[in-house]
Amino acid sequence: MGNNAGVTSVSSPGQPRLGRPPLVLLVPAVLAVLLLTVPLVSLVADTPWNRLRAQLSSSAVREALWLTVLASVATVVLCLLLGTPLAWVLARVDFPGRSLLRAAVLVPLVLPPVVAGVALVTALGRTGFVGKPLDEWFGVTIPYTTTAVVIAHTFVSMPFYVLAVEGALRSAGEEYDAVAATLGADRWTTFRRVTLPLALPGVLAGAALAWARSLGEFGATITFAGNYPGTTQTMPSLIYTELQSDPLVARTVSMVLLVVSIGVLVLLRNRWLTRP
Amino acid sequence: MTALELSLTVPGRVQATAVADRGQVVAVIGPNGAGKTSLLRAVAGLVPAVGDLRVEGRSWVDLPVRERAVGMAFQGQLLFPHLTALENVAFGPRTAGAARDAARRTAQDWLDRFGVGELAGRRPRQLSGGQAQRVSIARALATDPRVLLLDEPFSGLDVGVAASLRVELARHLASYDGVTLLVTHDAIDALTLADVVWVLDDGRLVQVGPPREVAAAPLTRHVARLVGLNVLTEGDRFLSFSPSSVTVSPAEPAGSARHRWPGTVTSLAPHGDAVRVLVSGEHELLADVTPAAVAELELAPGREVWLSVKETAVRGYVAETGTGES
């Protein structure tokens with residue numbers, strides 16, 4: 001190749017002639033890989049595969065699994081129903097204080113989950129800002145119920161969803177909304193037939209993110225909803241409990257969550273994120 | 001019959017007062033930033049504008065975009081990428097309340113008329129530029145608009161593709177009874193497609209007239225360049241002459257030519273069999289010379305020359321009043 005590398009460089013495009021990667025970058029990179037993979041590999045290696053079925057069929061595990069599935073699906077549905085319109089408002093409606101509202105909506109993203117739980121108790125607890133009138137007028141109490149689990153999950157997951165969908169709505173472009181308007185479509189029709197279909201990859205990615213976040217939710221849930229088997233004990237809460245009594249069960253259940261997480265990742269990469 | 005009356009101001013972009021008749025094709029020309037696209041978008045209602053806009057007697061100023069009977073072919077087509085060509089064209093009839101099957105039949109009919117009927121099932125990314133532009137114009141027309149807005153329909157197309165689309169479009173526009181506003185950069189579009197030319201310059205409408213008149217007596221440098229003419233102003237008079245009537249000499253010509261200017265050669269470019277030379281001095285002027293003359297006169301950028309033109313080759317005219325200036 002030599003002199004005319006630019007013309008005939010077809011043999012090894014993966015080898016730019018910029019020199020060897022320096023150790024000062026390689027060593028930390030290897031350390032990072034070890035930090036990220038060793039715990040997971042240990043978990044897989046240490047799982048008692050032969051007793052997997054027995055451990056997963058205990059009633060506590062089955063109840064926690066069911067509650068986790070229920071809460072995470074309910075969370076995704078709430079995100080779709082409430083978060084999609086919110087993302088649309090943030091992306092398409094120009095009003096004073098929009099950036100302030102966006103910031104407020106995104107706070108739970110960076111908030112420590114325990115703080116989120118305390119905030120939820122303050123608002124919806126029996127003596128809370130909203131919880132007290134709910135209790136006094138309707139006899140409805142939210143804390144320590146499955147509803148509380150779903151609310152806590154939605155609180156921490158929605159910002160992920162809104163962020164993903166708002167980004168998708170912005171990159172899908174307002175120009176297509178203008179085209180639809182010249183074709184006589186009102187904004188609802190435009191939203192249904194143009195905006196949402198174009199933002200669909202973002203909606204799916206956002207839903208997957210929200211679902212994954214909900215699956216692992218622990219801090220806000222245990223603070224606001226407690227850890228009662230059958231009503232509020234989700235998989236992460238169960239793992240936390242079992243780690244103190246039966247670490248083997250904790251590892252097995254963790255293994256299940258790991259497999260599910262990897263499944264989400266694979267699904268995202270292969271099906272949704274690579275689509276235009 | 002007057003079908004379109006507009007007196008619109010898009011603050012900071014464009015200000016224009018003009019009328020157009022039923023079935024008329026108006027070419028809107030002017031340099032980049034003159035406000036052509038802004039004017040189109042103001043008619044569609046896509047940018048805020050103040051003033052008056054009446055279409056077939058009905059005021060449009062307070063109507064939202066979707067209630068204006070416009071069809072717009074956007075720059076870059078903007079076909080909905082998730083819909084097929086057929087669904088793109090059927091979108092308008094559907095929102096107008098047509099049943100699904102009826103809308104699809106209307107759409108297929110429009111695609112057939114534009115010669116892309118067999119591409120109905122394709123997505124926009126599977127269409128070539130010319131095909132996508134045909135679908136885009138079909139989509140704009142499928143809503144039966146009273147005003148058709150075409151924003152640079154031939155830009156980005158290969159020369160041959162643009163030429164054949166121009167011929168087809170001329171045929172469709174001839175049978176279209178609404179008003180067409182066609183934004184273009186190309187003098188050929190204005191001359192072949194339009195009944196009237198609106199010349200915009202720096203956000204103002206500076207000339208209105210039939211294409212031939214505007215081409216023969218342009219009032220802006222931009223149009224002069226578009227039609228390949230030199231235009232000078234002398235008081236309120238405009239002087240125009242063709243680059244081929246300009247003589248280039250190495251020294252001040254001794255002859256009888258009244259019009260003569262010294263200048264510096266700025267650029268040379270092939271133009272048909274000739275070479276078009278741009279000379280900058282008191283004015284920027286074009287001269288067409290033979291390749292032999294280029295060699296003989298040693299014409300190259302930076303060369304000092306004299307230009308002259310015979311009085312008989314110069315056309316003098318004054319800007320008519322009532323050209324839409326306000």
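User: In which helix does Leu243(A) have its place?
Analyst: Leu243(A) belongs to a helix of chain A that covers residues 235-245, where helices (H or I, at least four residues) and strands (E, at least two) are DSSP runs numbered from the N terminus. This is a predicted model, in which local features need pLDDT of at least 70 and side-chain atom pairs count only at pLDDT 80 or more, while totals for chains, interfaces and linings use all residues. Residues are numbered from 1 along each chain as its sequence is written, and chains are lettered from A and ligands numbered from 1 in the order in which they are written. The helix that holds Leu243(A) is H13.

User: Is Leu243(A) buried, partly exposed or exposed?
Analyst: A residue is buried if 20 or more other C-beta atoms, placed from the backbone, lie within 10 Å of its own, exposed if 12 or fewer, and partly exposed in between. Because Leu243(A) has 15 other C-beta atoms within 10 Å, its class is partly exposed.

User: How far apart in space are Leu243(A) and Leu106(A), C-alpha to C-alpha?
Analyst: In sequence these two residues of chain A, Leu243(A) and Leu106(A), are separated by 137 residues. In space, their C-alpha atoms are apart by 32 Å.

User: At which residue does helix H5 of chain A bend?
Analyst: H5(A), residues 98-110, has 13 residues and reaches 19 Å from its first C-alpha to its last, close to the 18 Å expected at 1.5 Å a residue, the expected span being 1.5 Å times one less than the number of residues. The bend, taken as the angle between axes fitted to the seven residues ending at a residue and the seven starting there, is about 25 degrees in H5(A). Pro108(A) follows within four residues of the place of this bend, which is Ala104(A).

User: How many of the 17 residues of helix H11 of chain A are buried?
Analyst: H11(A) covers residues 200-216, and its end C-alpha atoms are 24 Å apart, which agrees with the 24 Å that 17 residues should span at 1.5 Å a residue. This helix, H11(A), is mostly covered, and its number of buried residues is 13.

User: Which helix gives the most to the side of chain A that touches chain B?
Analyst: Counting two residues as in contact if their C-beta atoms, placed from the backbone, lie within 7 Å, 14 residues of chain A are in contact with 16 residues of chain B. Helix H9 (175-182) and helix H10 (187-198) of chain A each supply at least two residues of the side that touches chain B. With six residues, the helix that gives the most is H9(A).

User: Which residues touch the most other members of the largest nonpolar core?
Analyst: A nonpolar core is a set of buried Ala, Val, Leu, Ile, Met, Phe, Trp, Tyr and Cys residues joined through C-beta atoms within 7 Å, and the largest has 136 residues. Helix H8 (residues 146-172) of chain A gives the most to this core, with 17 residues. Among the contacts of Val43(B), leaving aside its neighbours within four places in sequence, are Leu6(B), Leu53(B) and Val70(B). The residues that touch the most other members are Val26(B) and Val43(B).

User: What is the bridge partner of Val70(B) in S7(B)?
Analyst: In strand S6 (residues 70-73) of chain B, Val70(B) and Met72(B) point one way, Gly71(B) and Ala73(B) point the other way, and all are buried. Two strands pair if DSSP finds at least two bridges between them, and four bridges join S6(B) to strand S7 (residues 147-151) of chain B, the two running parallel. In S7(B), the partner of Val70(B) is Val147(B).

User: Which residue takes a positive phi in the hairpin of S14(B) and S15(B)?
Analyst: Strand S14 (residues 259-271) of chain B runs antiparallel to strand S15 (residues 274-281) of chain B, and eight bridges join them, with Arg276(B) as the partner of Ala269(B). Two residues lie between the strands, and the one with a positive phi near 65 degrees is Gly272(B).

User: Over how many bridges do S15(B) and strand S16 of chain B pair?
Analyst: A hairpin joins S15(B) to S16(B) through two residues, and the partner of Val275(B) in S16(B) is Val289(B). S16(B) covers residues 284-289 and pairs with S15(B) in the antiparallel sense, the number of bridges being six.

User: Why does Leu165(B) count as buried?
Analyst: Leu165(B) has its place in helix H5 (residues 159-174) of chain B. Leaving aside its neighbours within four places in sequence, Leu165(B) is in contact with Gly130(B), Gln133(B), Arg134(B), Phe154(B) and Leu157(B). Leu165(B) counts as buried because the number of its C-beta neighbours inside 10 Å is 21.
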